[in-house]
Amino acid sequence: MSAQEAQVSQAPAYEMALVRVEDVVKHFPIGTGLFGGQAVRAVDGVSFEVRSGETLGLVGESGCGKSTLGRVIAQLQPATAGHVFFRDTDLVRLHGEKLRRMRQQMQMIFQDPYASLNPRMTVGDIIGEPLQNFGIARGKERERRINEVMRTCGLNPNFIRRYPHEFSGGQRQRIGIARALVLNPTFIVADEPISALDVSIQAQIVNLLEDLQDRFKLTYLFIAHDLSVVRHLSDRVAVMYLGKIVEIADSKEIYLNPLHPYTKALLSSIPIPDPDLEAQREPILLKGEIPSPVNPPTGCRFHTRCPIAQFPKCSEEEPPLEEKAAGHRAACHFAGQL
């Protein structure tokens, strides 16, 4: 190994990161009067990095703050506090034209292909709108780029003047992907892009996303609640619970050796294709409901449902997200004991 290679291998992970999220907070104030001064603590101090060229899967139950975090990273919603660095530029501090230009490198694929496309616009206008907004291409060059990205995403360019209602759900999601891709971005936030689709179509969209990543050297933050899909697509996985990251590790490592009891419970809910193995397995059943993000539990937020919680430590001391093994971080006082 050369001296230069040794220096790169010893570099901290954040130096190789395309996106760095540092202590990001997103609170939504609610109500007046009786509820005055309260807020939904959707994201409450999250830190991680997305390395260039990788797919980081972000998983968790509905309502844990995954989509809100994705929107804050893409700057579709402002952060209450914290920093989001894209190539060492703090997006939280950018405003106006500087932020708008930075968004050219960061695009988002939305969850609902029915709600995310304007029904009054043709497919060509939907896909070409980003080109118009950034003044990149006009006239025949604009049409050429639209046709090219439609072919790339498996759409027939002859349908360029059709409207969204004339397409199936899978085709609509391909239109959303084409819209995100037309600006040649570096980083894409995919917010549950297959959850609203039929199972038969989901694999096609996942394969398309993988092909696009290989072809255009894309970096993904892939948000989902289906852990089997995340396992197939992601290089690393971050698990989120009630506004916090509770575990993050290499995809294979987190499935073979989960350390946080919440991650183990999620993994135990994935169906096994073999009926004999499925019959022998005992899923981990969590007690109670997810606490309200308006008034989350003190200490470890998972302690009210955790099968290995010990009191008063877990109810009073918040566990830090710290490295338990090489590249494997977990926020649990008793990691690996379940």
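**Exercises on a predicted model**

At 60% relative accessibility, D88 counts as exposed. The structure is a predicted model.

**Exercise 1.** Determine where R87 and D88 lie and whether each is buried, partly exposed or exposed.

*Solution.* Step 1: R87 is placed in the loop between β4 (81–86) and β5 (89–90), and D88 is found in the loop between β4 and β5. Step 2: exposed means over 50% relative accessible area, and buried means under 20%. Step 3: R87, with a relative accessible area of 47%, is therefore partly exposed, whereas D88, at 60%, is exposed. Step 4: as to the backbone, R87 has a positive phi near 50° without being a glycine; D88, also not a glycine, has a positive phi of about 70°.

**Exercise 2.** Describe how helix α4 packs against helix α5.

*Solution.* Step 1: α4 (residues 123–133) and α5 (residues 139–152) pack at about 110°, their axes being 10 Å apart. Step 2: angles of 65 to 115 degrees count as roughly perpendicular, so α4 is roughly perpendicular to α5. Step 3: the crossing of α4 past α5 is right-handed. Step 4: on the α4 side the contact includes V123, I127 and L131, and on the α5 side it includes R142, I146 and M150.

**Exercise 3.** Decide whether T122 is buried or exposed, and state which residues it touches.

*Solution.* Step 1: T122 belongs to the loop between β6 (106–109) and α4. Step 2: its relative accessible area is 13%, so T122 is buried. Step 3: leaving aside residues up to four places away in sequence, T122 touches I160, R161, R162 and Y163.

Key:
Residues are numbered from 1 along each chain as its sequence is written. This is a predicted model: local features need pLDDT of at least 70, side-chain atom pairs count only at pLDDT 80 or more; totals for chains, interfaces and linings use all residues. Side-chain values use heavy atoms; hydrogens and water are left out. Axes are lines fitted to C-alpha atoms, for helices over the stretch in contact, and angles run from 0 to 180 degrees between N-to-C directions. Helices (H or I, at least four residues) and strands (E, at least two) are DSSP runs, numbered from the N terminus. Angles under 35 degrees count as roughly parallel, over 145 as roughly antiparallel, 65 to 115 as roughly perpendicular and the rest as oblique. A crossing is left-handed if the near helix is turned anticlockwise from the far one by less than a right angle, and right-handed if clockwise. Contact means heavy atoms within 4.5 Å. Buried means under 20% relative accessible area, exposed over 50%, partly exposed in between (1.4 Å probe, protein chains only).
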